[in-house]
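Here is a short briefing for a first look. Keep the sequence and the 3D view open while you read.

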Amino acid sequence: MKSFEYLRPETLDEALAALSDPDAASLGGGTNLLDLMKLGVAGPERIVDLARLPGLDRIETLPDGMTRVGALVRNSDLAADPGFAAAFPMVAEALLSGASAQLRNAATVGGNLMQATRCAYFQDPFAACNRRAAGSGCDALGGANRGHAVLGWSPACIAVHPSDFCVPLAALGAEAEIAGPSGTRLVPLAEFHLLPGEEPHRATALEPGEIVLALRLPAAAAGFAGNARYLKLRERTSYAFAVVSAAAALRIEDGTVAAARLALGGVAARPWRCSEAEEALAGKPATAESFAAAASIALSNAAPSGANGYKIVLAERLLARTMAAAAAGTPAEMPALPGSLMDDTGEAAHA
Amino acid sequence: MPDDFASQSHIRLGSNSGKPQTRLDGIAKITGSATYAADNAPQDMIWAVHAGAPAARGKVVALDTAAALAHPGVIDVMTPENRPELAQDPDARAEFFAMKIDVLQNDAARYAGAPVALVLAETLEAALEGARLLAPQVEAEPARIGFGSSEPYEPPFVGFGSPAKTVTGDMEAGFAAAAQNVEVEIETPPQYHNAMEPHAIVAQWDGDRLILDTPNQAIVMSCPMFAAYFGIPPENVHIRSPYLGGGFGSKAVINAPQILACLAARQTGRPVKLVLGRSQMFGPVGHRGATKQTLKLGIDGEGRLTALSHHAVAATSAFDDFLEPAANASLNTYACPAISATHAGSRWDIGTPGAMRAPGEASGSAALECAMDEAAHAAGLDPLEFRLRNYAETDPASGRAFSSKELRECYRLGAERFGWAGRPLEPGQMRDARGRLIGWGMGTSLFQAPMFRAEARATLRADGTAVVETAAADMGQGAWTALAQIAADGLGLDLAQVEFRSGDSKLPDAGIAGGSGHTATAGSALFSAGQDVVAKLAALALADPDSPLHGAGNQAVTARDGRLFLAADESRSASYADILASAGQEALTGNGEGVRNPKDAEERAMFSHGAVFAEVAVDPDLFQIRVTRLVGAFAAGQIINPKLAESQLLGGMVWGLGFALHEEGIHDPRTGRPVNGDLAGYHVPVNADFVQIEALTVPEADPYVNALGVKGVGEIGITGSVGAIANAVWHATGRRARRFPIHVEDLL
Ligand SMILES: Cc1cc2nc3c(=O)[nH]c(=O)nc-3n(C[C@H](O)[C@H](O)[C@H](O)COP(=O)(O)OP(=O)(O)OC[C@H]3O[C@@H](n4cnc5c(N)ncnc54)[C@H](O)[C@@H]3O)c2cc1C
Ligand code: SF4
């Protein structure tokens, strides 16, 4: 691979200074960045390893009740943190449904948010890809695109964001804490990843030279802990990205949905918060009919971007199923196959 | 497996065979002390990495060699312009097993990923970056990918020399006699072997001798093939291949990167290491070619086949021919008065396919078993009953007797273990407590039981221990262990007394580890080498006036535990060490050959058989398929090592599940480049895909296949499994698979 400079700053200021070089890249666990470098898709001149930055490997509760998760917390550690998993069970379930144990041990919270699309043409330096090389075209259109977007895509790019973790985060109204040369700011996770529009090469709200410092989850998000599930359809039982996935968290009072938090994964360039469906569901009885109606609203604007129309049907049915699973109650223990419909031992995954 | 199974055989294998001996190389492998080819790093070694064609069809018009050469650490770049001469035309197919390879003979790009240049560097990193900097450009024409992309052609043969067209009986009369016909069309995709160990080679020259560390499934046979490219005598090639991290057929023939590495080593005078990256394994090292198969089954009112036609269009490359002999799977499985198995070829701009675990049988049996299931349903019969009605008592294609065929027992045992009885005929009838649709399906397994030719040497040492030698290949299947067990039995020694040397071309030729014939072939050679030693020992003892065996004349002696016994009076015995000592011999060498008796080969049809039963649970609206149970029962002759045989059979069944539900090499329809050329995108099954999987074996004595009664277990597990799973999916959902792998959108 290409030679590069490797820096491991000890302070945030040093890190930001090192990242002021436009050809620098932050390094988390490296499970995505190094692959992209080997493929010749990424070619940073300078790697800024964030591993030594102080205070970013912690999960803490802020004075206002917010939960703050440092960008360097490993995916596996976060999922295994008893307090975090109890408060945000569907986030833990989503994390554990992703990748493999080895990858989760290495992957960081910041890297997971920032991971690139798995679009094969993005990963192939010989292919035309607007996201990788602005203005070069999009080989996924008319190519192998079974896995591509059905929501929020544009003719410039039909890629999906691959993260499981980000889906329940978007549903729960999490925010990303971003640090850059001009200070720190918060961006709602549901808007952190950008829809492609005309400029698919801009994948996130991060400006050059900025880094993700932490994630914040509002205190109210924990109020959904009793009825929260993440379900993920994939092409083998584990170790595969989502075909479609869904996060559903409900607050149910006397058989009525008081509030809902819903999002879809694998359908768009961002984790897809389903706000209209949430609103429609609020105040409705927690029944299969209400869930189906809400799911249908969530997908009402969906359109295939290629040979992927089946994902619309699947996403709608999965979202309804996930709501039903959430309504049945968060399992007391993490299912043996998290996020999976393949769990033979667990409770019925649907009502 | 009953404990006394070995003794049921017609030949007295000793006490080593039949034992579930743990693999002898296991510790070395899991502790990392086993040296795979890429672990070798001779002094002064350099690295080679090839750059691949970015398009599947066209002409390479630009290579930035200056940029690559300017990169620190890069030593040289080999291109068609400066590539040293080869002694053999790489497009000549000078030998039957020498496929056409892309070794920089010109500027053509014939498939995506074909080598277009080779970068040599002091480090792997520099070589990789050099290859990237070459930024090859191709003046490309649209790639031909897919069955519609070119006119089918009539091939002279399929597979490795199998007939492309076989018709037995009167097809017209057969279909005329049918009460109804069932027609089925099924597509299978390109599949890539993806052995865990990528193809690797460390090549060094010593004068005009070529020393290679490279994983190889046919070690001695490959020497002349390498030699031919360099104009050296075969004996000047030394291949060391003690361990392979999987081969599955892809390490049996010589590939282009290997030849380029040898050339580079000769040119630079330094050892060269070349290791393929995972994505580079989707092109130059073979794959299972795609097929499009059409079957038509005629059945009479009693549910008997009256005619069976199986036509397979098989994809191959634009420039060479390896056609998956898929239709031939219909020739030997079911009784039918008229069978036609025909093939056409389809040229794609893709690397040339090759043998991949159960070549032909895997794809062909997948389609046949699906068609049989449809036919059973059309006949209103249980799929097992339907198969029993069409049970072949003799080989349908040749009319010959089977050397052995315990398939009925496989059906019985498998069905009983699975609990097949009571299966509803109609689909969609069963649900589990969670509301999932439950379906049961089955398939018949069949695989040839070939033997090739092998030699072996056994040397008894003064202390009564022995060394046995043959250039066998352990691909992970356990040859180091099972062959050593046979060798020990041939010598009448305990396994611990026998040192087994293998995996080196300096040793006697063990033939090829392929076709599920390695244990039978190399094992026979080893056994007879041991018997040769025993016979020579007996001669010494009988002639020695001081020996307790003296004067026994031509009475039989038996060899056991390092002693020779007089068969009629076991109180008279002598140890090997004593016999050698009395004779004043330091060592005694015996030779053996493994080859099938030509008369038996002529007169008998030889196959392993089996039956696989599958249960699936399918989500009724999301159509996620869970294979909840997979039970296989196999009859494969004498089982030398039940533990290793079970793991081979299970591995085959796992592969069958991957075939049915996961494996698919996707190529971009415009450029031909692999779209999922890594293990994140090219799915094979994972542990979590299995709930219950079980492989049983049925005792089977076979006096004809070889003196040991050994068939093979390496490939048969795939056959039967694919169809069983697809049929179970139908039984659950009422939807028939028309292509593999089965996608969720096919069921929605
Ligand atoms: C085979 C395979 C299967 C996978 N399967 C799944 C799956 O099923 N589900 C799933 O969700 N994920 C899956 N993943 C993706 C995995 O989750 C990501 O690779 C991982 O989360 C990335 O984290 P990292 O710390 O290793 O990131 P890195 O590789 O270090 O970085 C990724 C990107 O983020 C940037 N970055 C890293 N940290 C920061 C920061 N703090 N601020 C700003 N930028 C930063 C880097 O510059 C880079 O661009 C899979 C990955 C692989 C290789
Ligand atoms: S879908 Fe987006 S990422 Fe994929 S090729 Fe098109 S532009 Fe690139």
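Beyond its neighbours within four places in sequence, His310(B) is in contact (heavy atoms within 4.5 Å) with Gln293(B), Thr294(B), Leu295(B), Ala326(B), Ala327(B), Ser330(B), Ser340(B), Ala341(B), Thr342(B), Gly364(B) and Ala367(B). This is a predicted model, in which local features need pLDDT of at least 70 and side-chain atom pairs count only at pLDDT 80 or more, while totals for chains, interfaces and linings use all residues. Residues are numbered from 1 along each chain as its sequence is written, chains are lettered from A and ligands numbered from 1 in the order in which they are written, and side-chain values use heavy atoms, with hydrogens and water left out.

- His310(B) sits in strand E16 (residues 305-317) of chain B. Helices (H or I, at least four residues) and strands (E, at least two) are DSSP runs, numbered from the N terminus.
- His310(B) has a relative accessible area of 0%, so it counts as buried. Buried means under 20% relative accessible area, exposed over 50%, and partly exposed in between (1.4 Å probe, protein chains only).
- The side chains of His310(B) and Ser330(B) make a polar contact at 2.7 Å. A polar contact is a pair of N or O atoms within 3.5 Å; within protein, one must be able to donate a hydrogen and the other to accept it, and residues adjacent in sequence count only if both atoms are side-chain atoms.

**Ligand 1 and its shell**

- Ligand 1 lies between chains A and B.
- There are 34 residues around ligand 1, and Ser26(A), Gly30(A), Thr31(A), Thr108(A) and Asp164(A) come nearest. A residue is near a molecule or strand if one of its heavy atoms lies within 4 Å of it.
- By class, the shell around ligand 1 holds 16 nonpolar, 14 polar and 4 charged residues. Ala, Val, Leu, Ile, Met, Phe, Trp, Tyr, Cys and Pro count as nonpolar, Asp, Glu, Lys and Arg as charged, and the others, Gly among them, as polar.
- In chain A, strand E2 (24-27), helix H2 (33-39), helix H7 (109-114) and strand E8 (211-217) each supply at least two residues of the shell. H7(A) gives the most, with 4 residues.

**Polar atoms facing ligand 1**

- A polar backbone atom of Gly29(A) is 2.7 Å from an oxygen atom of ligand 1.
- A polar backbone atom of Val212(A) is 2.8 Å from a nitrogen atom of ligand 1.
- An oxygen atom of ligand 1 lies 3.2 Å from a backbone N or O atom of Ala240(A).
- Taken alone, ligand 1 exposes 970 Å², and the protein buries 93% of that. Accessible areas come from the Shrake-Rupley method with a 1.4 Å probe; for residues, only the protein chains shown count as cover.

**Domains of chain A**

- Chain A is divided into domain 1 (5-49) and domain 2 (224-327). These bounds come from an automatic or database domain assignment.
- The C-alpha centres of the two domains of chain A lie 36 Å apart.
- Each of these domains gives at least three residues to the shell around ligand 1.

**Backbone points to check**

- Phe740(B) and Pro741(B) are joined by a cis peptide bond, with omega about -5°. Pro741(B) is in the loop between helix H16 (721-733) and helix H17 (744-747) of chain B.
- Ala99(A) is not a glycine, yet it has a positive phi of about 50°. Ala99(A) is in the loop between helix H5 (89-96) and helix H6 (101-106) of chain A.
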